[in-house]
Structures are given as C-alpha cells and as structure tokens.
Amino acid sequence: MEIDREDGRKPNQLRPLACSRNILNRPHGSASWSQGDTKVLAAVYGPKAGIKKNENPEKACFEVIWKPKSGQIGKAEKEYEMILKRTIQSICVLTVNPNTTTSVIIQVVHDDGSLLPCAVNAACAALVDAGIPMKHLAVAICCCLADNGSIVLDPSKLEEKKMTALAYLVFPNTTLSVLPEGSSLVEGEPVEDGIITSVTYGVMSVDDYFLCVENGRAATASLSAFFRKNFQQSQKVSFKA
C-alpha cells in the first residue's frame with residue numbers, strides 16, 4: 001500500500017539534490033549539500049599534527065563538530081557527531097597519515113528532514129575536496145515506516161513527525177575510491193552490498209527493517225550517479241532524482 005505525499009513524490013522518490021565543492025577559502029576542503037530544502041555545509045581542516053586524547057597514535061584521528069542553525073548543541077547533535085565520526089573513520093584510510101587529526105565541521109543551514117544523511121553526504125564530498133585518502137565513498141539516505149506499513153524515502157520534516165519509525169542508512173559506493181597514487185588495495189572485508197552505518201528510531205519489525213534496507217540500497221543508485229557526475233565537474237551541479 002502506497003502513501004500520498006504532500007509534495008507529490010512517490011514513496012521511493014528522492015528530493016532534488018544539489019552539491020557544490022570548494023566553496024570556502026580557509027578550510028582544506030569544503031562542500032554544501034542539499035536535498036530539497038534541507039541544506040548542510042561541511043568544512044575539513046587537516047590533517048594536523050597530533051591526535052586527541054585516548055586516540056591511537058599509529059592511525060589518523062578524526063573529530064566532528066556539529067553546529068546547529070541556531071541555539072546550543074544538544075543531546076541529539078552530540079549523537080550525530082558520534083555517528084558521523086564513526087562513519088568517517090570507517091571509510092577513510094587511517095594508516096596513511098598516522099598521529100594526525102582532521103576536523104570536520106558540520107554547519108546546518110536549514111533542516112527540512114533527513115538531516116543526518118544530508119550531513120553524511122556533505123562530509124563525504126568535503127573529504128574528497130580536501131584530498132583525504134578514502135577506501136571508498138559513502139552515500140546516506142533516510143528510510144521511514146508509515147502507519148500503513150509503507151516505506152518512504154528521504155522524508156521532509158513534516159513527514160518525519162508522522163512516521164512510526166525511521167532508519168538512517170549509509171551504504172558504500174564501491175565504484176569510486178580516493179586513494180594515494182600507487183597505493184595497493186586496502187585490506188579488509190569486501191563492502192559491496194554491505195552497510196556502513198545503521199541508526200534506527202522508533203519501533204519496527206525485523207522484516208520492516210530489512211525492507212527499509214532493500215529500498216534504501218535501491219535508491220543509492222541515484223545518489224551514486226549524482227556523486228560521480230559531481231566529482232567529474234568542478235562547478236556546481238544539480239540533479240533531480
């Protein structure tokens with residue numbers, strides 16, 4: 001059973017995407033990412049010598065600083081920082097620049113739903129712009145479960161409030177990698193068809209969760225195509241899914 005959406009989209013249809021890179025002068029890399037009216041800026045500083053306390057000096061360290069549009073950072077933002085840090089650490093090559101710290105600053109410009117996936121996509125684009133060695137790119141999406149059992153992708157803020165549960169999912173984009181020239185393949189398990197990050201809110205059954213994963217993975221084809229098109233161009237590019 002499908003659900004009617006106020007903006008006329010189909011349940012599996014994403015909002016229009018837009019991305020610009022190298023938009024700030026001071027950071028080593030920067031990007032803006034928007035999905036519909038949700039927009040996030042990401043800035044990357046580093047790598048800088050030295051690491052944070054309790055970090056492994058034999059590996060590169062990352063820190064994420066989340067800046068809301070207004071007001072003070074709260075519990076939700078702190079959780080976003082932790083999720084984003086772990087996601088970045090899983091896709092970056094940590095052995096290339098050991099004993100260094102790279103800072104990723106996330107500035108929320110406007111939140112109209114699917115904010116964390118939007119921030120993940122912005123951070124990934126900014127890391128590429130900064131030339132940070134990465135095992136592969138990542139694409140993030142929000143999948144929601146409606147009262148009638150329908151799965152809705154890339155919800156707006158209003159839609160999020162009406163949903164029974166939602167899942168933030170980050171998938172690997174194995175078609176692109178950003179590795180130093182001459183590097184051998186990164187050791188580890190294959191990531192094709194895997195999940196990098198999975199965060200759920202609300203209550204859903206196991207079957208509903210796997211349905212979210214299935215629908216989310218299917219939608220990553222559009223996100224991956226958008227990433228490829230954007231990275232092949234130096235200027236701003238827009239894409240309607």
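Leaving aside its neighbours within four places in sequence, which residues is Thr220 in contact with?

Author: The model is a predicted one. Apart from residues within four places in sequence, Thr220 is in contact with Val139 and Phe171. Thr220 itself belongs to helix α4, which covers residues 206-231. Its relative accessibility is 11%, so Thr220 counts as buried, the cut-off being under 20%.

By type, the lining residues of the second largest cavity divide into nine nonpolar and one polar, with no charged residue.

How does one come to speak of empty space inside a model at all? Rolling a probe the size of a water molecule over the atoms shows where empty space is left. In this structure there are two cavities of 30 Å³ or more. The largest cavity holds about 50 Å³ of space. Pro47, Ala60, Phe62, Val93, Asn97, Thr100, Thr102, Ile132 and Pro133 form the lining of the largest cavity. These lining residues are six nonpolar and three polar, and none is charged.

Pro117 and Asp154 are 37 residues apart in sequence, yet their C-alpha atoms are 8.9 Å apart in space. Asp154 sits in the loop between β7 (151-153) and α3 (157-162). Because its relative accessibility is 1%, Asp154 counts as buried. Not counting residues up to four places away in sequence, Asp154 touches Arg5, Arg9, Leu14, Arg15, Gln35, Ser114, Cys142 and Glu159.

Gln35, among the residues that Asp154 touches, stands opposite Thr38 in β3. Strand β2 (residues 29-35) pairs with strand β3 (residues 38-49) in the antiparallel sense, over seven bridges. Two residues lie between the strands of this hairpin, and Gly36 takes a positive phi near 65° there. Strand β3 also pairs with strand β5 (residues 100-110), again in the antiparallel sense and over nine bridges. In that pairing, Lys39 stands opposite His110 in β5. In a regular strand the side chains alternate between the two faces of the sheet.

The whole chain gives the setting for these parts. It has four helices and 10 strands. From the N terminus on, they run in the order β-β-β-β-α-β-α-β-β-α-β-β-α-β. Of the 241 residues, 48% count as buried, and Thr220 and Asp154 are among them. Taking contacts between residues at least 6 apart in sequence, 72% join residues at least 24 apart. The accessible surface of the chain is about 12,200 Å², and carbon and sulfur atoms account for 48% of that surface.

Notes
Residues are numbered from 1 along each chain as its sequence is written. This is a predicted model: local features need pLDDT of at least 70, side-chain atom pairs count only at pLDDT 80 or more; totals for chains, interfaces and linings use all residues. Side-chain values use heavy atoms; hydrogens and water are left out. Buried means under 20% relative accessible area, exposed over 50%, partly exposed in between (1.4 Å probe, protein chains only). Contact means heavy atoms within 4.5 Å. Accessible areas come from the Shrake-Rupley method with a 1.4 Å probe; for residues, only the protein chains shown count as cover. Two strands pair if DSSP finds at least two bridges between them. On a 1 Å grid over the protein atoms alone, a cavity is a set of points where a 1.4 Å probe fits but cannot get out, and a pocket is an open set with protein on both sides within 12 Å along at least five of seven lines; lining residues have an atom within 4 Å of a point. Grid points are joined across faces, edges and corners, and a volume is the space filled by probe spheres set on the points. Ala, Val, Leu, Ile, Met, Phe, Trp, Tyr, Cys and Pro count as nonpolar, Asp, Glu, Lys and Arg as charged, and the others, Gly among them, as polar.
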